[in-house]
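I opened this model to see how it is put together and how far it can be read. My entries follow the order in which I looked things up.

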Amino acid sequence: MAYCRQEGKDRIIFVTKEDHETPSNAELVADDPNDPYEEHGLILPNGDINWNCPCLGGMASGPCGEQFKAAFSCFHYSTEDVKGSDCVDQFRAMQECMQKYPDLYPQEEEEKPADRLEETAVSEAATTKEEEGSS
C-alpha cells in the first residue's frame, strides 16, 4: 500500500511493487498557447509581459520586484518618441530600492578614466623596465 510523508517542503511518496504493476490512468493535457505560465519568452502572444520568464532572472519577484515591474512595464508600454523617457521616476525608484540590497543586486563598479590612465601608466612602466632588463 502506498503512503506519503511530508519532510519540510518535500513530499515523499512511497509506492509498492503492486502500485507500479498497474497501468497509469494519468491523462495528459494539451498545452494551452494562451497560458501565461507557459514559457513563451519575455512577451506573451497577447503583448503582455511574461513575469515568469526565466530571462528576468527573478527580478520581478525579489524585494524590489514591484519597482522592477513598474519600471519595466512603463518602458514596455511607453509610446514616447524616445522610448521610456517617461519612465525616469520608476527607474529611479527601482535603483533606490536595489541600492538597499547590495548583496542581491551588486552594483558593477564603473572604472573611472583616471584609474584607467593610472593602470595603463603602471603597465607601460613595467613593460619598459622588463625590456630594459632583457637587453
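The entries below go from confidence and layout to the core and the aromatic rings.

**Ground rules.** I am working with a predicted model, where local features need pLDDT of at least 70, side-chain atom pairs count only at pLDDT 80 or more, and totals for chains, interfaces and linings use all residues. I number residues from 1 along each chain as its sequence is written, and side-chain values use heavy atoms, with hydrogens and water left out.

**Confidence.** I looked up pLDDT, the predictor's confidence in each residue, from 0 to 100. The protein averages 77, and 67% of the residues score at least 70. Which elements have the lowest and highest mean pLDDT? Helix H4 (residues 113-134) is lowest at 53, and helix H3 (residues 88-99) is highest at 95. I note that where pLDDT is low, the predicted coordinates should not be read in detail.

**Layout.** I count 4 helices and 2 strands, taken as DSSP runs numbered from the N terminus (helices H or I, at least four residues; strands E, at least two). Along the sequence the pattern is β-β-α-α-α-α. For contacts (heavy atoms within 4.5 Å), I find that residues 24 or more positions apart account for 25% of those with a separation of 6 or more.

**Surface.** The protein exposes about 11300 Å², and carbon and sulfur atoms supply 52% of that area. The areas come from the Shrake-Rupley method with a 1.4 Å probe; for residues, only the protein chains shown count as cover. I then checked burial: under 20% relative accessible area is buried, over 50% exposed, and in between partly exposed (1.4 Å probe, protein chains only). Buried residues make up 14% of the 135 residues.

**Annotated span.** UniProt, in an unreviewed entry, lists residues 64-100 as "domain: CHCH". Positions there are in the numbering used here, feature names are shortened, and annotations may be inferred rather than shown by experiment. In the model, the span is 68% helix and 0% strand, and its end C-alpha atoms lie 9 Å apart.

**Core.** Which residues make up the largest nonpolar core? I list Leu56, Ala60, Cys64, Phe68, Ala71, Met94, Cys97, Met98 and Tyr105, 9 residues in all. H2 and H3 each supply at least two residues of this core, and the largest share, 3 residues, comes from H3. The term covers buried Ala, Val, Leu, Ile, Met, Phe, Trp, Tyr and Cys residues joined through side-chain atoms within 4.5 Å. Leaving aside neighbours within four places in sequence, Cys64 is in contact with Met59, Cys97, Met98, Tyr101 and Tyr105.

Ser78 lies in the loop between helix H2 (65-77) and H3. Is Ser78 buried or exposed? Ser78 counts as buried, at 10% relative accessibility. Not counting residues up to four places away in sequence, Ser78 touches Lys83, Gly84 and Asp86.

**Rings.** Rings of Phe, Tyr and Trp (its six-membered ring) pair if their centres lie within 6.5 Å; planes under 30 degrees apart count as stacked, over 60 as edge-to-face and the rest as tilted. I get 3 aromatic pairs by this rule. Trp51 and Phe68 are edge-to-face, 6.3 Å centre to centre with 75 degrees between the planes. Trp51 lies in the loop between helix H1 (17-21) and H2, and Phe68 in helix H2, so this pair ties together parts 17 residues apart in sequence. Trp51 is partly exposed at 26% relative accessibility, whereas Phe68 is buried at 9%. Trp51 and Phe72 have ring centres 6.1 Å apart and planes at 70 degrees, so that pair is edge-to-face. Ring pairs link Trp51, Phe68 and Phe72 into a cluster.
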